[in-house]
Amino acid sequence: MLKGHQSWVFNNRPMISATGVSGGPFEANGNLANDFDILHEDLWMGMDSYEKAQRVLLEEAVRTTLAKAKMEKEQIEFLFAGDLINQITPTSFAARTMQIPYFGLFGACSTSMEGLALASFVVNYQGARNVLTGATSHNAATEKQFRYPTEYGGQKPPTAQWTVTGAGVGLITQNVPGEQQPVTTSATIGRVIDMGLSDPFNMGGAMAPAAADTIMAHFRDMELDPSHYDLILTGDLGRIGQDTTFELLIKSGLKIDRKQFQDCGLLLYKDDQPVQAGGSGAGCSATVFYGHILNQMKKGMYKRILVVATGALLSPLSFQQKESIPCIAHAVAVEMNEERR
Amino acid sequence: MVYIIRLMIIASMILMSSCSQGHTEEDSQLALMKATNPNPTVTEKNNGQDKVEEIEKKVSNFNEIYDAAIIKGKEATLVVYKVKHMQRFNMKKIEKDLNKTLEEDYPKENFTVSSDYKIFLEAVRLIERKNNGSYSDKQAEKRLNEILKMTSDMK
Amino acid sequence: MASKQKNMTPQQQKYQQLQQKHELKRPVLKNCIKAFWVGGLICAVGQAISYFYIYFFHFTEQNVGNPTVATMVFLSMLLTGFGVYDRLGQFAGAGSAVPVTGFGNAVISAAIEHRTEGFVLGVGGNMFKLAGSVILFGVFSAFVVALIKTLLGMWGVL
């Protein structure tokens with residue numbers, strides 16, 4: 001149901017009944033290694049190209065999700081997924097393997113929440129019973145396309161971010177009352193915001209206004225106060241972007257607590273890992289949200305959270321032509337299913 | 001980082017150890033690092049030993065030069081020198097001045113002037129071999145001509 | 001860029017000021033010192049190699065540069081292949097990018113990266129992706145400088 005200007009309320013409370021998360025070697029050394037279902041020792045994942053490796057990540061995440069849900073892929077109606085590579089081939093090729101009817105999404109690093117919002121919407125209105133949604137990125141494949149070759153010895157500034165190698169997939173199903181699983185309750189779709197920043201090594205700074213815009217729109221549309229949520233989680237703003245977003249929100253008069261405001265890109269890695277300002281990439285919010293955060297929700301650490309995934313909608317061509325970086329953010333509110341009385 | 005530093009240390013050790021193998025000549029081994037000041041030499045006995053010593057004095061009088069090797073052959077005279085480090089910016093000027101002084105003082109001689117380390121090294125080696133008797137006059141003359149040819153190839 | 005700055009809306013300018021405050025600055029002085037030392041170290045290795053060639057082979061100071069450069073590029077190729085050079089680059093910045101080893105790294109990293117697209121279109125087509133502009137502008141500026149020198153020589157200035 002549309003509420004306000006750009007938000008949906010999911011009255012039937014679609015349920016995230018199973019998730020699957022896979023990651024690479026760098027994530028295995030990170031903070032949240034225990035929340036990954038599959039971790040690879042090798043960036044190649046036994047394939048002969050990084051693009052194929054990225055496909056493997058998504059396939060494995062999907063397979064894990066299905067195994068956990070004890071379902072066959074024939075029972076899945078739709079797949080909503082995407083990634084960062086040209087024409088989202090890794091995801092489409094993975095969809096070819098899985099033979100599930102497929103919507104390819106591109107929202108850069110916001111794909112995870114774009115997918116979750118759409119999947120929830122479809123399930124909420126009985127458009128499907130079981131829908132898979134997810135996002136994936138691969139460090140080497142993404143760096144290759146957007147920046148320099150992996151082995152190139154260029155110095156990255158401290159504002160740069162590290163693309164996550166990983167895939168996170170969630171299975172969205174009709175609500176089963178009483179089952180202790182997270183459910184999606186509302187979503188806010190963001191506008192594309194461009195504040196004229198054009199440094200691809202400072203994505204956090206470029207994405208911050210988009211995140212702030214979507215968060216404010218969510219609270220305005222839903223007529224809620226930030227204290228409604230235990231946690232407001234941003235996707236991959238990194239250190240700079242998170243500080244900037246926080247300041248923007250405070251300045252606009254939102255009563256938000258610094259402690260309830262966290263970022264996936266900062267949670268994922270240890271301080272001594274050379275990730276500069278934090279993690280990024282489509283897989284960043286997907287792996288942290290479907291892995292770590294949902295596990296914590298199930299443990300009862302959080303009751304209600306708002307996840308805001310941000311994406312920088314640039315291409316290697318656009319920044320070489322000195323275009324600024326337009327950014328977007330999508331928010332999905334997730335809470336634990338009510339216990340049966 | 002530690003790995004990189006270790007790698008560099010190993011590489012430099014290999015280079016160093018390879019330097020200290022084989023050759024038994026003393027001065028020429030360190031010819032690039034310290035002042036050797038070899039005795040000026042002539043390839044033919046009793047032919048202008050006084051003269052080369054005179055030349056050597058003249059060359060040493062240049063303030064910028066701290067080390068010189070001079071070999072006089074049948075036809076040509078090789079003058080190789082090293083300049084003080086901070087004077088390396090004036091290399092061209094020093095070479096010009098030296099050439100001028102020598103040509104003026106010894107118009108009959110045919111000088112080849114060089115500051116190349118390689119030529120210096122070879123000159124020192126030649127002088128050493130000549131002095132310890134492993135080169136005859138004839139061999140020395142032949143070697144000198146090879147060195148002179150090397151010098152002219154460079155230009 | 002200056003003209004673009006003017007085209008921005010006041011809102012954009014205001015945001016950029018706010019953002020500037022949070023942006024982490026490059027530690028310029030620290031980077032310079034690191035670059036100085038690592039660059040110097042690489043050059044010292046190069047000097048050792050050129051002495052090696054002078055001592056044991058028939059190279060004079062004038063032409064020892066060629067085998068030395070070849071050796072340094074070979075070493076940087078090994079380091080790139082073993083995945084060491086990019087870490088060195090992150091540490092040293094210009095110190096490892098400016099010497100010829102940085103050029104070698106730019107060529108080889110691109111070649112490794114595009115190996116998956118085959119030899120002709122991948123390696124051949126992309127090898128000079130980064131280094132190509134260095135070659136082009138290097139050759140061009142060398143041409144211009146040589147032209148100026150020749151003209152000055154003809155007019156008797158030099």
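**Charged pairs, pocket and surface**

Author: A:Asp48 and A:Lys52 join their side chains in a salt bridge, 2.9 Å from N to O. A salt bridge here is a side-chain nitrogen of Lys or Arg within 4 Å of a carboxyl oxygen of Asp or Glu. This is a predicted model, where local features need pLDDT of at least 70, side-chain atom pairs count only at pLDDT 80 or more, and totals for chains, interfaces and linings use all residues. Side-chain values use heavy atoms, without hydrogens and water, residues are numbered from 1 along each chain as its sequence is written, and chains are lettered from A and ligands numbered from 1 in the order in which they are written.

Reader: Is A:Asp48 buried or exposed?

Author: A:Asp48 is exposed, at 52% relative accessibility. The cut-offs: buried is under 20% relative accessible area, exposed is over 50%, partly exposed is in between (1.4 Å probe, protein chains only).

Reader: How many salt bridges over all chains?

Author: 27. One of them pairs A:Lys68 with A:Asp37, at 3.2 Å from N to O.

Reader: Which parts does that pair tie together?

Author: A:Lys68 sits in helix H2 (residues 50-69) of chain A, and A:Asp37 in the loop between H1 and strand E4 (38-39), so the bridge ties together parts 31 residues apart in sequence. Helices (H or I, at least four residues) and strands (E, at least two) are DSSP runs, numbered from the N terminus. A:Lys68 is partly exposed at 42%, and A:Asp37 is partly exposed at 33%.

Reader: On to chain B. What does B:Asp105 pair with?

Author: B:Lys58, with the closest N and O atoms 3.2 Å apart. That links distant parts of the chain: B:Asp105 is in helix H3 (residues 91-105), B:Lys58 in helix H2 (residues 49-60), 47 residues apart. B:Asp105 is partly exposed at 35%, and B:Lys58 is partly exposed at 29%.

Reader: Which residues form a network?

Author: B:Lys118, B:Glu122, B:Arg125, B:Arg143 and B:Glu146, joined by salt bridges that share partners.

Reader: And what is the pattern of chain B along the sequence?

Author: α-β-α-β-β-α-β-α-α. That comes to 5 helices and 4 strands. Of its 155 residues, 44% count as buried.

Reader: New topic. What volume does the largest pocket have?

Author: About 1400 Å³. Closest to its centre, among 47 lining residues, are A:Thr150, A:Lys156, A:Trp162, C:Asp86 and C:Arg87. A pocket is an open set of points on a 1 Å grid over the protein atoms alone, where a 1.4 Å probe fits, with protein on both sides within 12 Å along at least five of seven lines; lining residues have an atom within 4 Å of a point.

Reader: Which helix gives the most to that lining?

Author: H5 of chain C, with 4 residues. The lining divides into 18 nonpolar, 13 polar and 16 charged residues.

Reader: Last one. Which residues make the nonpolar surface patch?

Author: C:Phe140, C:Phe143, C:Val144, C:Leu147, C:Ile148, C:Leu151, C:Met154, C:Trp155 and C:Val157, with about 960 Å² of accessible area together. Patch residues have over 30% relative accessible area and no salt bridge, and nonpolar side chains (Val, Leu, Ile, Met, Phe, Trp, Tyr) are joined within 5 Å.

Reader: Where does C:Trp155 lie?

Author: In helix H9 (residues 132-155) of chain C. C:Trp155 is exposed, at 63% relative accessible area.

Conventions: Patch = residues over 30% accessible without salt bridge, like charges linked within 9 Å, V, L, I, M, F, W, Y side chains within 5 Å. Areas by Shrake-Rupley, 256 points an atom, 1.4 Å probe, with all protein chains shown as cover. Points joined across faces, edges and corners; volume = space filled by probe spheres on them. Nonpolar A, V, L, I, M, F, W, Y, C, P; charged D, E, K, R; others polar.
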